[in-house]
Amino acid sequence: MQPFTRRRFLQYGAGVGSALGVPWALRNPEACAAAGGKLVKYLEPLPLPGAGIVVATPSAPNTFSFTQRQISRQLHPQLPPTPLWAYDDGSGLGGQAGSFGMAVVAQSGTPLTVNYTHNLPATYPSWIPVDTRLTPMGNDVRLMTHLHGGFVAATSDGNPAITPDGFGPGETQTVLYTNQPPHMPASLLWFHDHGMGTTRLNVFAGLAAAYIVRDEFDTGHEPNPIGIPGGAYEIPLVVQDRQFNVDGTFRYPVSDIEGVTWIGEYFGDVMLVNGKVWPYLNVEPRMYRLRILNGCNARILNLDIGGPTFWQIGAEGGLFDVPVQVKEMVLPVTTRFITLNEIDPEEITWYLNLNGLHFDEPATETPRVGTVEDWVYVNLTGDTHPMHMHLVTFQVVGRTPFAAEAYEAAYGGPNGVPGGIDPTPFATGPMLPPAPEERGFKDTVKANPGYFTTIRAKFELPDGVIAPQTYVHHCHIVEHEDNDMMRPFTVMP
Ligand SMILES: [Cu+2]
């Protein structure tokens, strides 16, 4: 299956397309892509919190009220204004809003109530190509906001196992974000749309924003008890890739398979940072804290700063070095084997799945509240899948090389290999430890092809939240998540 996936990867990666020497517009006569490579780099400064990025203002004590609405912003001086979908805190949104032009600042230990009111068009505009085979209500804009990394009740999670149809025009989703320590320590999280079958499109259109959790150590100011840069020297860098049409709209390609709109991965030929195309940042000769978030649909980033080294002090689950929690995570351990399958990649029936099951089939992963489990992601595809779990952060135990084809030959069916089958007998070498930058608690792990990847999580619930509670885990390539590499899991009493 790998060659087919790779071919589509080439087809939809515009940057790679030009490397083939065939103009994009010739291969796609109806396409009107702007040539991202012709945009001059580094013309405008990086939008920063309070100086471009809107820092959200509460609507009441410990309450935020957002309206999702369409706005228009010029993302580069050589581009026409771009329609964007944005979270509006009621300020009317000055500056660079949409696509991470908004930040919520929360305090660990202080719950927040957040309201999201749908004020977008009732149906999708032409620049957002919906595959109505994957959506609950056709071309209707159905929204559902999820706090990535949030430790919350299932009803506040914003997941399609709870509200499969999402929220329509005029409707309000109200959630309680616990910010409960130690599960929600100082960290950089983000909230984004999670609409069923349209996550990739709603995030692409701009519905994603930063959620910064502070505590008494990581205050964001200088000086602070842990001696890290703060204030103007703490810089969020949210990186996204996009394609543009010549009219300034974002461009999202559609499939060339008859009857299919969905594509397997979205890659842009233009990089946005904090919502601007290729901005620059003037810096002083001193230490900075860069808070980097990959907001791309599918692209895995490999970043450097042109020579100087930098120090990694945290990951998705917060700052590094929490040895007490590490000890908690060792015993007793249930192990679940979860297969990653890709089915019919050249056909109208092309989809990806977990455990050979569609999303809407009953949950098969049912950890008991308070227990520790190992989940083993058995990758039978040719691609790396960044697997993400709601509710919990986890530790990466390791990755084991194995004979994927032999395992698939032994157990595979029309929908791939079902879950629950231990691949250890097919191992071709010892488990490799996680990479140094994977220390600490994470919410996403790279499940690489040719390996099964073991993670370990403790399934606790926020105070006052009673099991059962249903969440989801999924590939965070949002194209894959939408069709259909996502499954519910239920934390049981
Ligand atoms: Cu994936």
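Visitor: Which residues form one aromatic cluster with Trp85 and Trp127?

Guide: This is a predicted model, where local features need pLDDT of at least 70, side-chain atom pairs count only at pLDDT 80 or more, and totals for chains, interfaces and linings use all residues. Residues are numbered from 1 along each chain as its sequence is written, and side-chain values use heavy atoms, leaving out hydrogens and water. Besides Trp85 and Trp127, the cluster holds Tyr124, Phe204, Phe244, Phe250, Tyr252 and Tyr266.

Visitor: How many aromatic pairs does a search of the whole structure find?

Guide: Rings of Phe, Tyr and Trp (its six-membered ring) pair if their centres lie within 6.5 Å; planes under 30 degrees apart are stacked, over 60 edge-to-face and the rest tilted. On that basis, the whole-structure search gives 28.

Visitor: What kind of pair do Phe66 and Phe191 make?

Guide: Phe66 belongs to strand β3 (residues 63–73) and Phe191 to strand β9 (residues 187–193), 125 residues apart; strands are DSSP runs of E, at least two residues, numbered from the N terminus. Their ring centres are 5.6 Å apart and the planes sit at 35 degrees, so the pair is tilted.

Visitor: And what about Trp85 and Trp127?

Guide: Trp85 is buried at 0% relative accessible area, and Trp127 is buried at 11% (buried means under 20%, with a 1.4 Å probe and protein chains only). With centres 6.4 Å apart and planes at 70 degrees, the pair is edge-to-face.

Visitor: Which ring does the charged end of Arg242 sit over?

Guide: The test wants CZ of Arg within 6 Å of the ring centre and within 35 degrees of the ring normal. At 5.2 Å from the centre, the ring is that of Phe250.

Terms used
Helices (H or I, at least four residues) and strands (E, at least two) are DSSP runs, numbered from the N terminus. Buried means under 20% relative accessible area, exposed over 50%, partly exposed in between (1.4 Å probe, protein chains only).
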